[in-house]
Amino acid sequence: QVQLVESGGGLVQAGGSLRLSCAASGNIFRVSTMGWYRQAPGKQRELVATVSGGGSSNYADSVKGRFTISRDDAKKAVYLQMSRLKPEDTAVYYCNALIYQSALRSGNYWGQGTQVTVSS
């Protein structure tokens, strides 16, 4: 069994910063692409940022220049440093990872979500 556990959400004023963390645990052979998604009330879940196993990152246009994604393969963890936060960044943030439990068996896993609220 594989689990993704997130931490670091909370309430922050506009212009502030937060750092989200997510760690994978369980029966893991290799962790491939990891990322963060978010879902605001009444909206669909959307991609925020991803980082590949090789370290290449990809960002939504709305967060470019403000958010930075990083990973620590030794800890099987992914982080999202969020700066210059805006009220429209308010959402539940979900960690996502493509995890191999063997050389041939993989699955797409989600964390439970962490709330980020940005007040104006």
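Cys-22 and Cys-95 are joined by a disulfide, with an S to S distance of 2.1 Å; a disulfide is counted here when two cysteine sulfur atoms lie within 2.5 Å. The model is predicted: local features need pLDDT of at least 70, side-chain atom pairs count only at pLDDT 80 or more, and totals for chains, interfaces and linings use all residues. Residues are numbered from 1 along each chain as its sequence is written, and side-chain values use heavy atoms, leaving out hydrogens and water.

**Disulfide**

- The structure holds one disulfide, and the link of Cys-22 and Cys-95 is left-handed, with -80° about the S-S bond.
- The pair connects distant parts of the chain, 73 residues apart: Cys-22 belongs to strand β3 (residues 18-26) and Cys-95 to strand β9 (residues 91-100). Strands are DSSP runs of E with at least two residues, numbered from the N terminus.
- Cys-22 is buried at a relative accessible area of 1%, and Cys-95 is buried at 0%. Buried means under 20% relative accessible area (1.4 Å probe, protein chains only).

**Glu-6**

- Glu-6 lies in strand β1 (residues 2-7).
- Glu-6 is buried but has no salt bridge, and the nearest side chain of opposite charge, Arg-45, is 7.7 Å away. A salt bridge requires a side-chain nitrogen of Lys or Arg within 4 Å of a carboxyl oxygen of Asp or Glu.
- A polar atom of the Glu-6 side chain lies 2.5 Å from the backbone nitrogen of Cys-95, and the Glu-6 side chain also reaches the backbone nitrogen of Gly-113 at 2.5 Å.
- Residues touched by Glu-6 (heavy atoms within 4.5 Å) include Cys-22, Trp-36 and Cys-95.

Notes:
Helix = DSSP H or I, 4+ residues; strand = E, 2+ residues; numbered from the N terminus. Buried < 20%, exposed > 50% of the residue type's maximum accessible area, 1.4 Å probe, protein only. Lys, Arg positive; Asp, Glu negative; His and termini not counted. Polar contact = N/O pair within 3.5 Å; in protein donor to acceptor, adjacent residues only side chain to side chain. Lists of a residue's contacts leave out its neighbours within four places in sequence.
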